[in-house]
Each structure stands twice: as C-alpha cells, then as structure tokens.
Amino acid sequence: MAVIALLAVAVALQPPFAHSVSRVTAAQLPYSWHQGCPVSPRQLRRVRLTYWGFDRRAHTGALVVNADSVRLIVRVFSRLYAARFPIRRMRPIDAYGGVEERSLAADNTAAFNCRYAIASGPKRWSAHAFGKAIDVNPVENPYLLDGAVHPRAGKAYLDRTCVRRGMAVRGGQLVRAFAAVGWQWGGRWTGSPDYQHFSSTGG
C-alpha cells in the first residue's frame, strides 16, 4: 500500500503537459528559412511544449511546424508526455545554424528546415521544408542511406531488436502516437530506413 501511495503522489506532483503557439518571422529563422523556400514564415508556427527528458524530468522545448500541423503535433506530444516517452532535447534547427548534421549529432528533435531531401534520386524538397516532418531522437533512431549512418553515433542503435529508451519501433509508443494522427514513419522505408523521421506526407 505504501508503494501505491508513493506512486500516486509522484503522479500528482508531475507537471501537467502544457503548450503554447506563436507566429514566427523571417528574422527568427535566420538559418532555416530563405527566399525561394516552398513556404513562407507566415505559414509556420513555433510550438512550445513540455516533454520528458532522458533524465526523467519535465522540460520545455520548441518545434517550428506548418500552421496546418499544429493541432496534430500537440496531440502527438501530449500523448508522448502522458506515456513519459523520453526525448533528448527539442530545439529549432536555427540553434545549430540550420546545419542538419549538427542537430542530428546533438540528438536534437526538430521539424522545419528549408532544405532538400537527403536521399538518392532527383533533387526535391524535403517534407521538413514544408514544416510537415519531425525527426525524433536521431541518435537512438538513425537514418541509413547508401551504407552511411546519420548521425554517426546512431551506429550504436542499428540493432533494432535491442529496444532501448527513446527508440522508435513497430508497435512502440512513438510510432503509435504519430500513427494516431495519420503521420507516417520513415522506419518502414525499405532499403534506406529513416527511424527518426515522421511526416504527414510519407516522404
């Protein structure tokens, strides 16, 4: 009974999930947006929200996403927060100078970045360039392309049968949360699985 009482107190004391939404300007996106991008800053929003860290504490992070995706993203991360799914950090990619590999190496969860897809074949805009994709815990969920691992630290997580905290796996909390709002998981791609990648477009 004492253990149950302690658990009840811990749940009662945990900070509630919270979020806020604000508009962004070009000046607030100095590295991730430029003239010629497929969306304008007016079509984007900054979503601040609470998440559980790997330290088992609540933190506040921010994602820049398409205005059309805000409601769904809030649903996803409120569900992950309730499940205490751990996220390493969550900062707009401008904190890393807009450099994708720097953000990935920092195990940073991020969304909007006006860039082309990192993929073989013809050049095309990434779903991130529309603010309609999110990379979650990229070290724990690496992207495999032509034998290269992005980020390199993700090599330690190539064995997807060894499930550890923060990983995206079939039937797991992270994949289910995005699937519940109709977003697709890059971990299902054959040949070049992108375990960190979730998007509304499937690309």
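In which sense do β6 and strand β10 pair, and over how many bridges? In this predicted model, β6 and β10 (residues 197-199) pair in the antiparallel sense over three bridges. The points below cover the sheet, the nonpolar cores and the cysteines.

**Sheet**
- The open sheet has three strands in the order β6-β10-β9, with antiparallel pairing.
- β6 (133-135) and β9 (184-185) are the edge strands; each has a single partner strand, so one side of each lacks a neighbour in the sheet.
- Within the pairing of β6 with β10, Ala-133 stands opposite Ser-199.

**Nonpolar cores**
- The largest nonpolar core has 28 residues, of which Phe-77, Ile-134, Phe-178 and Phe-198 touch the most other members.
- At least two residues of this core come from each of β2 (44-52), β3 (58-66), α2 (70-82) and α4 (173-179).
- α2 gives the largest share, seven residues.
- Beyond its neighbours within four places in sequence, Phe-77 is in contact with Phe-17, Leu-49, Leu-63, Ile-87, Met-90, Ile-134 and Phe-178.
- A second, separate core consists of nine residues, among them Leu-29, Trp-33, Val-64 and Cys-114.

**Cysteines**
- One disulfide is found in the whole structure.
- The disulfide is formed by Cys-37 and Cys-114, whose sulfur atoms are 2.2 Å apart.
- This link is left-handed, with -120° about the S-S bond.
- Cys-37 lies in the loop between β1 (19-23) and β2, and Cys-114 in the loop between β5 (108-109) and β6; the pair links distant parts of the chain, 77 residues apart.
- Cys-37 and Cys-114 are both buried.
- Cys-162 has a relative accessible area of 37%, so this residue is partly exposed.

Methods
Residues are numbered from 1 along each chain as its sequence is written. This is a predicted model: local features need pLDDT of at least 70, side-chain atom pairs count only at pLDDT 80 or more; totals for chains, interfaces and linings use all residues. Side-chain values use heavy atoms; hydrogens and water are left out. Two strands pair if DSSP finds at least two bridges between them. Helices (H or I, at least four residues) and strands (E, at least two) are DSSP runs, numbered from the N terminus. A nonpolar core is a set of buried Ala, Val, Leu, Ile, Met, Phe, Trp, Tyr and Cys residues joined through side-chain atoms within 4.5 Å. Buried means under 20% relative accessible area, exposed over 50%, partly exposed in between (1.4 Å probe, protein chains only). Contact means heavy atoms within 4.5 Å. A disulfide is a pair of cysteine sulfur atoms within 2.5 Å.
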